[in-house]
Amino acid sequence: MFVYFVWFLFVIQRSNGVTSPISTFTSYQHTVELRHGIADLWWSVNSVNQTIVFELHMNTTGWIALGISPAGGMTGADIGVGWVEQNGTVRFQDQYASKQGTPSIDNSTDWFALQGREQNGWTAIQFKRYLDTCDSMDVAIKSGTNHLIFAYGLVDPSWNPSINGITYHQDRKGAYSLSLRSYSDPPLESKFASMNYFDFRLNNYTIPTTDTTYHCRVYKAPTTYTTKQHVIAHRILLDSTDTTQVHHLLMYECDASASFNDSNLPSDICENIHHNISACMTNIATGWAVGGDLMSEFPSEAGYPVGNNFSVKYYVIQMHYTNTQLCTNCTDSSGIRFYVTNQLRQYDIGYLTFGTNTDSLGLSIPPRVESFVVDTYCPASVTSTFPASGITVLNAFPHTHLQGKTVWTKIIRNKTAVGYLFNAETYDFNYQFDNRLPQRIQLYPGDEFSTRCIYNTMNKNTTTLGGERTKDEMCLHMFTYFPRMDNISICISIIHPLAWINFLKLNVTRIVEVEPALEKKVQNITWTPELATQWQKFYNTAARWTIYNRRGTETYVSLANISDYIDLKQDVCIPQDILSSYSTGLSTFLSTPSIEWTKTTCAVVLLLIHLVLN
């Protein structure tokens with residue numbers, strides 16, 4: 001039922017080489033090239049005052065625009081549009097696109113220009129906004145995947161603060177998806193030019209003439225490293241007749257017990273060899289998706305061990321191709337290059353995964369549900385062997401398949417949630433990123449973890465089960481940390497088999513019979529909204545088995561239900577201008593001489609303090 005796994009992750013984004021000839025107004029945390037020779041973007045996030053400052057450079061002396069989109073298109077997008085007039089005046093508008101077409105002026109201005117200039121045929125404008133403006137015509141910049149759109153015109157419009165005067169951009173537009181709040185800027189490849197490396201890549205694979213193909217190939221770890229080495233960086237190798245056909249690739253790490261014929265390693269359509277590689281399809285080691293950066297590296301104090309007696313010997317790379325034009329002679333030699341050093345770093349990288357087991361006992365999701373919640377819990381008994389000094393978490397990689405919309409994990413201490421380990425509130429299967437935590441997080445013995453995956457199955461008419469196929473589902477939240485612990489790498493859950501037996505009245509006599517009986521039952525259910533609601537209540541209250549590994553041994557812990565804990569306080573969005581007025585009012589009030597401190601006075605002060613601080 002359960003496959004033991006160890007995995008490694010890297011930062012998967014895009015190349016950040018910019019082409020703008022204009023210097024930025026200041027230094028920034030992050031940089032991306034939105035389109036080569038056309039558009040570059042810099043930004044910094046201030047988590048204290050919840051603001052984000054952008055600087056957009058575009059190859060035009062007309063208007064330029066950057067938008068935050070709910071799904072990557074115009075509809076519902078929140079857009080900042082600006083230009084620099086001939087006299088140097090910077091104009092900027094907050095616009096909203098209620099549908100495909102010309103956006104309108106937002107009822108409330110929440111994008112603010114700071115400065116701008118034109119130089120060498122380019123326009124540069126620095127502007128800011130709050131991460132969440134509480135405006136229904138704005139898109140909150142949430143943790144997880146953010147969809148950007150950008151466009152530009154060739155001339156400046158006439159300035160009218162209440163009218164959108166921009167001209168149609170035609171094909172001068174683009175889209176870009178990334179994690180604005182947890183982005184990790186990729187290094188330049190030249191940094192590793194003199195290093196040893198090894199490749200896992202295809203060799204002129206002929207892409208089938210079908211719209212969608214998933215190809216899987218097993219690779220054996222290099223045997224040339226007789227002493228321990230550290231992988232410190234890697235590069236995605238896109239080498240195809242038509243690179244637009246490569247939608248994404250995922251690399252999985254095989255179970256340490258996996259064994260293959262080295263002279264005939266499996267390589268075929270994934271479903272054709274599904275059973276042969278089942279011990280390799282649970283643990284995602286790294287991945288890349290359309291628009292992702294090609295280069296990535298580990299932090300300077302840690303590396304991933306290879307060589308010598310490292311337990312993992314085999315890997316699988318799954319390639320997803322979209323041959324919409326049905327090309328008959330398109331080939332692909334894509335893969336991954338790993339940069340290796342014998343100059344060992346201070347720490348070995350380790351990995352810790354939460355979520356559900358990838359089977360029907362963990363995930364059986366009704367169709368036609370807008371939001372189906374699956375919770376798991378990792379109790380303190382599992383983390384009791386963490387080092388007393390703790391471990392340092394660096395990155396988070398949430399993973400579901402097509403129906404997943406949100407993945408988060410909370411840290412629980414003394415039955416009280418103290419914060420998110422990571423919150424992928426806006427998750428998108430097509431843009432999967434390894435998220436660099438804005439601040440490294442320490443975990444300690446006795447910490448507990450609550451993980452939640454939320455699914456939308458409105459586009460399905462049948463039950464979605466846990467599984468490796470794209471039409472199946474997963475709920476995994478994987479974290480990179482150091483120093484590596486050899487005694488634990490996973491803590492995942494399933495609904496207890498006895499709970500399924502009682503809920504569905506399954507006619508079975510042995511535990512091993514529960515899963516096939518469950519799958520047969522759910523695939524023949526006639527779903528109704530009432531049954532889906534009942535199913536959600538069952539998931540909310542059912543007993544669990546939590547499964548964790550310790551020194552190669554799988555241990556099952558029974559939980560009567562998802563453990564109760566004091567949750568984080570729900571955020572209430574209060575516009576920042578209102579908060580500022582509260583703060584100003586409090587300062588003015590307290591500076592008033594000879595305040596008469598009555599019960600009413602104290603109540604007013606306490607209310608203002610509460611509004612400002614909370």
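Cysteine 327 and cysteine 330 are joined by a disulfide, with their sulfur atoms 2.0 Å apart; a disulfide here is a pair of cysteine sulfur atoms within 2.5 Å. The model is predicted, so local features need pLDDT of at least 70 and side-chain atom pairs count only at pLDDT 80 or more, while totals for chains, interfaces and linings use all residues. Residues are numbered from 1 along each chain as its sequence is written, and side-chain values use heavy atoms, with hydrogens and water left out.

Stay with that first link for a moment. The torsion about its S-S bond is 95°, making the link of cysteine 327 and cysteine 330 right-handed. Cysteine 327 and cysteine 330 are both buried, a word that stands for under 20% relative accessible area with a 1.4 Å probe and protein chains only.

By the distance rule, the count is five disulfides. Another of them connects cysteine 216 with cysteine 270, S to S 2.0 Å. Its S-S torsion is about 95°, so the disulfide of cysteine 216 and cysteine 270 is right-handed. This pair links distant parts of the chain, 54 residues apart: cysteine 216 sits in strand E14 (residues 212-220), and cysteine 270 in the loop between strand E17 (267-269) and strand E18 (283-289). Strands (E) are DSSP runs of at least two residues, numbered from the N terminus. Cysteine 216 and cysteine 270 are both buried.

Now move along to cysteine 453, which a disulfide joins to cysteine 475 (S to S 2.0 Å). Here, too, distant parts of the chain are linked, 22 residues apart: cysteine 453 lies in strand E32 (residues 448-455), and cysteine 475 in the loop between strand E33 (464-465) and strand E34 (476-482). The link of cysteine 453 and cysteine 475 is right-handed, with 85° about the S-S bond, and both cysteines are buried.

Definitions and conventions: Helix = DSSP H or I, 4+ residues; strand = E, 2+ residues; numbered from the N terminus. Buried < 20%, exposed > 50% of the residue type's maximum accessible area, 1.4 Å probe, protein only.
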